[in-house]
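Subject: A structure for you to look at

Hello,

Here is the structure I promised to pass on. Please open it alongside this email, and I will walk you through what turned up.

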Amino acid sequence: TLFAPPSGAYGEAQLAVCEKLGMKTVLWSKDTIDWRDRNADTVYKRATEGIKGGDIVLMHPYESTLTALPRVLEYYKNAGLRAITVSENLESGG
């Protein structure tokens with residue numbers, strides 16, 4: 001029921017189709033750009049710098065992202081944040 005447009009590119013036609021299909025268009029507030037910069041330290045920095053509750057962090061299934069993820073999650077935990085699904089975030093008003 002959620003649609004994240006590739007590259008974050010969308011327009012009126014896409015929004016109308018999603019609405020017709022009962023889907024909600026979602027975007028992210030933080031982009032790790034892990035698809036381009038496949039470096040675990042860079043991914044970590046981008047996923048944690050200025051993070052706040054309700055942020056949606058875009059990550060892709062790359063080895064460098066997987067390597068950074070435990071540190072990212074530990075940072076969130078220490079900052080009093082927790083990783084939740086996009087659906088949970090939207091339901092909580094995040």
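To start, does Ile33 count as buried, partly exposed or exposed? Ile33 counts as partly exposed, because its relative accessibility is 22% (buried means under 20% relative accessible area, exposed over 50%, and partly exposed in between, with a 1.4 Å probe and protein chains only).

A word on the basis: this is a predicted model, in which local features need pLDDT of at least 70, side-chain atom pairs count only at pLDDT 80 or more, and totals for chains, interfaces and linings use all residues. Residues are numbered from 1 along each chain as its sequence is written, and side-chain values use heavy atoms, with hydrogens and water left out.

Back to Ile33, which belongs to the loop between strand 3 (30-31) and helix 2 (helices, H or I of at least four residues, and strands, E of at least two, are DSSP runs numbered from the N terminus). Ile33 has a positive phi of about 50° although it is not a glycine. Most residues other than glycine have a negative phi. Ser7, also not a glycine, has a positive phi of about 65°. You will find Ser7 in the loop between strand 1 (2-3) and helix 1 (12-20), and it is exposed, at 76% relative accessible area.

Next, the helices. Helix 2 (residues 40-48) packs against helix 3 at an angle of about 35°, and the axes are 8 Å apart (axes are lines fitted to C-alpha atoms, for helices over the stretch in contact, with angles from 0 to 180 degrees between N-to-C directions). The residues of this contact divide into eight nonpolar, four polar and two charged (Ala, Val, Leu, Ile, Met, Phe, Trp, Tyr, Cys and Pro count as nonpolar, Asp, Glu, Lys and Arg as charged, the others, Gly among them, as polar).

Thr65 is in helix 3 (residues 63-78) and is buried, with a relative accessible area of 4%. Leaving aside residues up to four places away in sequence, Thr65 touches Asp34, Val43, Met59 and His60 (contact means heavy atoms within 4.5 Å).

Finally, the structure holds one aromatic pair. The ring centres of Tyr44 and Tyr75 are 6.1 Å apart and the planes are at 90°, so the pair is edge-to-face (rings of Phe, Tyr and Trp, its six-membered ring, pair with centres within 6.5 Å; planes under 30 degrees apart count as stacked, over 60 as edge-to-face and the rest as tilted).

Enjoy exploring!
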